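Please view the sequence and the model together before reading the points below.

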Amino acid sequence: MLIEPLLPPWPQKSPGPQPVADRLCLQGILYVLHNDIAWQLLPLELGFGSGQTCWRPLERWQRAGVFEQLHRILLAELNAAGELDWSRACVDGSHIRAKKGGAETGPSPVDRRKTGSRHHLICDGRGTPLKVITTAANVNDVTQTLTLVDGIPPVAGRPGRPRRRPDSLLGDKGYDSNRHREELRKRRILPVISRKGAPNIKGLGKLRYDVKQTFALLHQFKRLAVCWERRIQLHDAFVSLACGLICWRRLRKPKKG
């Protein structure tokens, strides 16, 4: 199991023995991620322990950066297999409901100003998620452009230094900003971004299809389609875990031909 070496040991200060094995706790966390049920409704007959028993390791593993490390390891394996397309990256945003409020929530401009959050995503040219950021729903996509680009982790797996910059960045008119174009060029990234009031760049929609597909994959994990956690760190732990699972599935996908 790839994740096992990343898990911190059971805290010595905790009274009594570890109630449930880490593997079972992880299975309980995955069950919640896939099915979006309340922690207290996690079925005991599945053998994962109570919702609280699984929630505590999620919090502890999030603080230790376990899921971000797992995502980075799997990106490196994809890179080593030649399955990452660094010739371009795509950015986009997607609104989600936030049922319980919290720090990264705000009135949604696309959902009658109901409380919501927004996922901002950057993926490679084949739709592999490189970084996801969660903000309030009323945060404009363009403000997260450089945060996404600079948030790409250094990806090893190939000879030379780990890679963390695509050759170009594709975005729709929501990312139209001369200042951000200049900053991207300083990072040696070619901005391919449509301008407001002008026709779309020819073929850009087809090239950006991958980022839409990646959002669809991400939100197939039902827990991510709605933000239930008041603490955004726990929601982001689920996001990182989902990104890792998407990478893992691509590694296991049989090669064509």
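The points that follow concern salt bridges, strand pairing and aromatic pairs.

The model is predicted, so local features need pLDDT of at least 70 and side-chain atom pairs count only at pLDDT 80 or more, while totals for chains, interfaces and linings use all residues. Residues are numbered from 1 along each chain as its sequence is written, and side-chain values use heavy atoms, with hydrogens and water left out. Helices (H or I, at least four residues) and strands (E, at least two) are DSSP runs, numbered from the N terminus.

**Salt bridges**

- Side chains of opposite charge can pair when their charged atoms come close.
- The structure holds 16 salt bridges, each being a side-chain nitrogen of Lys or Arg within 4 Å of a carboxyl oxygen of Asp or Glu.
- One of them joins the side chains of glutamate 59 and arginine 231, with an N to O distance of 2.4 Å. Glutamate 59 belongs to helix α2 (residues 51–63) and arginine 231 to the loop between β7 (226–227) and α9 (232–252), so this pair ties together parts that are 172 residues apart in sequence.
- Burial is judged by relative accessible area: buried means under 20%, exposed over 50%, and partly exposed in between (1.4 Å probe, protein chains only). Glutamate 59 is buried at 16%, whereas arginine 231 is partly exposed at 36%.
- Glutamate 183 forms a salt bridge with lysine 186, their closest N and O atoms being 3.5 Å apart. The two residues are three apart in helix α5 (residues 178–186), which means that about one helical turn separates them. Lysine 186 is exposed, with a relative accessible area of 56%.
- In the salt bridge between glutamate 229 and arginine 223, the closest N and O atoms are 2.5 Å apart. Glutamate 229 is buried, at 7% relative accessible area, and arginine 223 is buried, at 5%.
- Through shared partners, salt bridges join Asp150, Arg165, Glu182, Glu183, Lys186 and Arg187 into one network.

**Strand β3 and its partners**

- Strand β3 (residues 115–124) is mostly covered, as nine of its 10 residues are buried.
- Two strands pair if DSSP finds at least two bridges between them. Strand β1 (residues 89–98) runs antiparallel to β3 and is joined to it by nine bridges. Within this pairing, histidine 95 has arginine 118 of β3 as its bridge partner.
- Strand β2 (residues 106–107) pairs with β3 in the antiparallel sense over two bridges, and proline 107 stands opposite threonine 115 in β3.
- Strand β4 (residues 129–136) pairs with β3 in the antiparallel sense over seven bridges. Cysteine 123 has proline 129 of β4 as its bridge partner.
- The hairpin of β3 and β4 has four residues between the strands, and glycine 127 takes a positive phi near 90° there.

**Aromatic pairs**

- Rings of Phe, Tyr and Trp (its six-membered ring) pair if their centres lie within 6.5 Å; planes under 30 degrees apart count as stacked, over 60 as edge-to-face and the rest as tilted. By this rule there are three aromatic pairs.
- Tryptophan 39 and phenylalanine 238 form a stacked pair, at 6.1 Å centre to centre and 25° between the planes. Tryptophan 39 lies in the loop between α1 (22–35) and α2, and phenylalanine 238 in helix α9, so the pair ties together parts that are 199 residues apart in sequence.
- Tryptophan 39 is buried, with a relative accessible area of 12%, and phenylalanine 238 is buried, with a value of 0%.
- Tryptophan 61 and phenylalanine 67 form an edge-to-face pair, at 6.4 Å centre to centre and 65° between the planes. Both tryptophan 61 and phenylalanine 67 are buried.
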